[in-house]
Amino acid sequence: MVTLSHLTPYFKDKKVLLTGHTGFKGSWMMQVLARMGAKICGYSLAPENATDLFYQIDGENMCVQNLYEDIRDAKRLKQTVISFEPDFIFHLAAQPLVIDSYTNPLYTFEVNAQGTANLLDAMKQLEKKCICVCITTDKVYENPETGIPFVENDKLGGHDPYSASKAAAEIIINSYRQSFFDPTKFATHQKALASVRAGNVIGGGDYASNRIIPDIVRSITSDTKLTLRNPNATRPWQHVIEPIGAYLLLASKMWEAPVKYATAYNFGPETNDVLTVQALVEKAIEVFGNGSFDIQQDPNQKHEAQNLMLNIEKAKHDLQWAPKYNALQSITKTIEWYKDDRNGDMKCLEHIQAYFEDKINDAND
Ligand SMILES: NC(=O)c1ccc[n+]([C@@H]2O[C@H](COP(=O)([O-])OP(=O)(O)OC[C@H]3O[C@@H](n4cnc5c(N)ncnc54)[C@H](O)[C@@H]3O)[C@@H](O)[C@H]2O)c1
């Protein structure tokens, strides 16, 4: 179950290495881990802006070690893993943007693919039990645009460099699992390795460029019209707390039964809970109470997948995991976060408490 009372015994006083801790998802994850009493070593680049969520939550003080280092620095990463001796590793550090991957493909491959290899190679040196969950993405699948939700053993692929770099990370993860962390030989190496493929994450505190929620918030704040280039694209929208709860649940299960759960999992919304980009924007504007958009489809724009859906039956069956919020609730909670934040009342902890203590208001909001 994804509740703090269920998860805390697995993470209290445990050493958790969190790469990507200064980012959007990492900052939410740190708050949940800190609330459970985990000892966090964060390994990431420094936050880019003084307004980043990491600073808002005083992220530095949630870590026993707060390292601003590059995942491409294999030597420094190895030193960190060996000296910190983590019980758990959550690998979130990445260049996570499709558009930026067209501008900087080599950097994207180095960070996302080689960076993952650097981490797993460092883990090989550990002489203790360690559970590792590597965060990839819903975009790792070859996408023939059939609209059929992807299952975990579908063919990997990737048109744009970001998707390809994450698919490459998946191949690297599988290679390390088969070659060095074979689940059937857990007793000898004591490592369990899983990969997780979550959907498009929305939630408060995301300020990235070229992501729909931050773009909406920026357009409303600056009183300008938002331009949609791909209004009919569908994505598996999820509130940020959903995949974080799922990663923690999976890691707790791996702690108990490393052989059984050392595999790949999709985490996303129900397949009948799919919204287009335009529907998401309309709902966000409704909740905000103002804002407007227009549609400008550029025939020369870079390729982005039209339909993306994840089949989550494996997670439901193996982990008894299911999303707690539907898409409309996720959007509402996200926009409410930004509204509260604008009023100087940032409410991450209230959101975490509501989700993890099962105080979920399931009014169809
Ligand atoms: N946000 C989403 O919708 C979404 C969806 C699916 C998967 N993901 C994956 O989740 C993870 C976190 O994404 P996010 O949305 O929080 O992104 P983000 O950009 O907010 O955070 C990225 C993090 O990675 C770190 N990082 C980047 N390059 C690094 C490098 N060279 N060395 C060390 N650290 C580096 C950054 O410092 C930051 O802490 C990524 O792996 C991303 O691919 C995100």
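The structure is a predicted model, in which local features need pLDDT of at least 70 and side-chain atom pairs count only at pLDDT 80 or more, while totals for chains, interfaces and linings use all residues. Residue numbers start from 1 along each chain as its sequence is written.

The protein chain has 15 helices and 13 strands; these are DSSP runs, numbered from the N terminus, with helices being H or I of at least four residues and strands E of at least two. Its C-alpha atoms fill a box of roughly 60 × 40 × 40 Å along the principal axes. Of the 365 residues, 48% count as buried. A residue is buried if 20 or more other C-beta atoms lie within 10 Å of its own, exposed if 12 or fewer, and partly exposed in between, with C-beta atoms placed from the backbone. Among contacts with a separation of 6 or more, 81% are between residues 24 or more positions apart; a contact requires C-beta atoms, placed from the backbone, to lie within 7 Å.

Around the ligand there are 24 residues, of which G20, G23, K25, L45 and A94 come nearest. A residue is near a molecule if its C-beta atom, placed from the backbone, lies within 6 Å of it. The shell divides into 12 nonpolar, nine polar and three charged residues. Here Ala, Val, Leu, Ile, Met, Phe, Trp, Tyr, Cys and Pro count as nonpolar, Asp, Glu, Lys and Arg as charged, and the others, Gly among them, as polar. Helix 2 (24–35) and strand 7 (200–202) each supply at least two residues of the shell, and helix 2 gives the most, with three.

Strand 4 (residues 88–91) is covered on both faces, with F88 and F90 buried on one side and I89 and H91 buried on the other. Strand 4 runs parallel to strand 1 (residues 15–19), to which four bridges join it, and V16 stands opposite F88. Four bridges also join strand 4 to strand 5 (residues 130–135), again in parallel, and C132 of strand 5 is the bridge partner of I89. Strands pair if DSSP finds at least two bridges between them.

In helix 15 (residues 348–356), the buried residues are C348, H351, Y355 and F356. Seen down the helix axis, these residues fall within an arc of 110°, so they line one face of helix 15; the arc is that of the directions from the axis to the C-beta atoms. They pack against helix 1 (4–11), helix 2, helix 10 (241–256) and helix 14 (327–342). L349, also in helix 15, is exposed, with 12 other C-beta atoms within 10 Å.

D58 is found in the loop between helix 3 (53–56) and strand 3 (63–68) and is exposed, with 9 other C-beta atoms within 10 Å. Q190 lies in the loop between helix 8 (186–189) and strand 6 (191–198) and is partly exposed, with 15 such atoms within 10 Å.

Technical notes
Two residues are in contact if their C-beta atoms, placed from the backbone, lie within 7 Å.
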